[in-house]
Amino acid sequence: MKKLDFILLFFAVMITVLVLFACKKEAVTYMGSDTGALSLDTITVPAYFPQMIIPADNQLTKEGVALGRKLYYDPILSNTGQSCSSCHEQSSAFSFSGVNSMPHMNLAWNSNFLWNGAVAGSLEDAMTFEVDVFFHTNIEMINSNVAYQALFKRVFKANRITSKQIAYALAQFVRKQVSYRSRMDKFLSHEGLLTPSEINGFVIYNSERGDCFHCHSLGLFTDNGFHNIGIDSVFFGANAGRYAVTGNINDLGKFKTPSLRNVALTAPYMHDGRFTTLEEVIDHYDSGVMSNVNLDPIFSKPNHLNGLHLSAQEKADLVAFLEALTDSSFVNDPSLCTP
Amino acid sequence: MKIQLPTNILTKVMLLLLFVQMSCTKRRDIFPEYADLVIQITHKVDGEKLIMDSMMYINDAGNLYEVNRLEYYISDIVLFSAYGNDYCSDEVFYINGRVDNNDLRLLHVPSGKYVGMAFNIGLSSLKNSSNGLTNTQENVNMAWPEPMGGGYHFVKLEGYYWNGIGKSGYAIHIGTNPCLIECELGKEFLLGYSPHELQLEMNLNEWYRTPNQYNFLINGSITMGDSIAMQILANNGKDVFNVKSH
């Protein structure tokens, strides 16, 4: 691209984005309701986020969120000394490099959980899975804990703590793990600027040049769908993906689209952690896509199958843009750390 | 002097008035002023119900293909009244071909005789602006990138076709204002008692049929960014639907 063309496109994108987002309501606040004697809690997100659904039977309260937070960091949940935080560290946007866990971030908008979507439903359903199946939480142990007796009594009016209540408390806290204050978000809300390299990366991301947007939709930076992106040519065993859940041969090799928010903090990448850097990820999309029977149709574009042919500068710009999705406020938020 | 009406005449008049009142009431029960209209969307391929993920459909160009994704918007529905007072809906409906129930509901439509309908596949220029629709996950996923014009995808039709050697993917993505698809259908129906139902049936092969035959191998299998391909398909899209009533 000629230098003048790039400059013109840069300013065109800047002006377009700033004008469009200037005309919209800037934030939406979700508030708990009908919580009795408990204190209402709120979640505020940008207006360009999808709508959040908060179930009527698990409204947000400060007491409920605090209880969920305490449980999140408490090894009492398991019989192995592990807590949720053992595999979901705040500094890594609540992911963990050791086990390549998906980040606990913006899960309030998910309806499928885990790389193959094995757990479906609401956050409450996901946390029920964690309590009952993953941790096999010893409910009696929690019931015999004096501190939890008082907390559950206050939040759920429970004389006897159940696994459902534990899951619901966790869901309230996890629902609060919202990331929306990256440099990209600040740029959209006119609180900050992106560098020319980051803007060019945004253009590559959000156009046919890179074509990232089709799966990593703006806002949440995920479409919450499942795709086969050609990381292998055959898929079996742990690499079967969504097929392991649905048994549908058309789902072979499909995995959940992870959010790219805070992606610079959530290495390694892909369902099996095969890529350790963002550069390796981009190289895959640029020239490493492997043909297979379930390759997402988007990847059948001639430029995808034969490589995007991104220049070194374009790759660097794309990495710069992805790094601009880091939300320092989120990974340092004291309300989300160990109580 | 006081005039006293004969009671037998008075009685007859009262009975007549009562009869008239009852008749009017009965007519209102049969023909209310407003009614709800349910438009059922169905998807077929030359008469056969669309089955997703099944490589068994052939278009006029001879492309053997399957469908994995079918998503689109229907908006600005107009019902043409036989009496001149057309009904216009401002609603935008998102349709997902994988979902069994794609009923559109128009509430509180004036009763009466209608002779046809019109609607857009996609969004008019007034509606087709970024973040212009309610931010559901579906609408966010349909966003058309800012660098390419902004707004929303009008249609996403994806799947695989046989290229002679093996499977290739196709992604029919239609968007941008010049490619708005304006449909108009003639159909007489009487809307007078709730709920009334119409069936709007999409024949997917019509996307590749008239006025221009579309061949994946010649015209392209990926249309986003290809304004010529998008315009061909948008022109073909004007008659992908036909309407029936129950």
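This is a predicted model: local features need pLDDT of at least 70, side-chain atom pairs count only at pLDDT 80 or more; totals for chains, interfaces and linings use all residues.
**View 1. Packing of helix α3(A) within chain A.** Helices (H or I, at least four residues) and strands (E, at least two) are DSSP runs, numbered from the N terminus.

View 2. Within residues 123–134 of chain A, the buried positions of helix α3 are L123(A), E124(A), A126(A), M127(A), E130(A) and V131(A). Seen down the axis of α3(A), these buried residues fall within an arc of 165°, so they line one face of the helix; the arc is that of the directions from the helix axis to the C-beta atoms. H136(A), which follows α3(A), has a positive phi, near 50°.

**View 3. The interface of chain B and chain A.** Here 29 residues of chain B are in contact with 35 residues of chain A. On the side of chain B that touches chain A, β4 (64–81), α2 (137–141), β9 (153–162) and β10 (167–175) of chain B each supply at least two residues, and the largest share, 6 residues, comes from β10(B).

**Notes.** Residues are numbered from 1 along each chain as its sequence is written, while chains are lettered from A and ligands numbered from 1 in the order in which they are written. Local features need pLDDT of at least 70, side-chain atom pairs count only at pLDDT 80 or more, and totals for chains, interfaces and linings use all residues, with side-chain values using heavy atoms and leaving out hydrogens and water.

Key:
Contact means heavy atoms within 4.5 Å. Buried means under 20% relative accessible area, exposed over 50%, partly exposed in between (1.4 Å probe, protein chains only).
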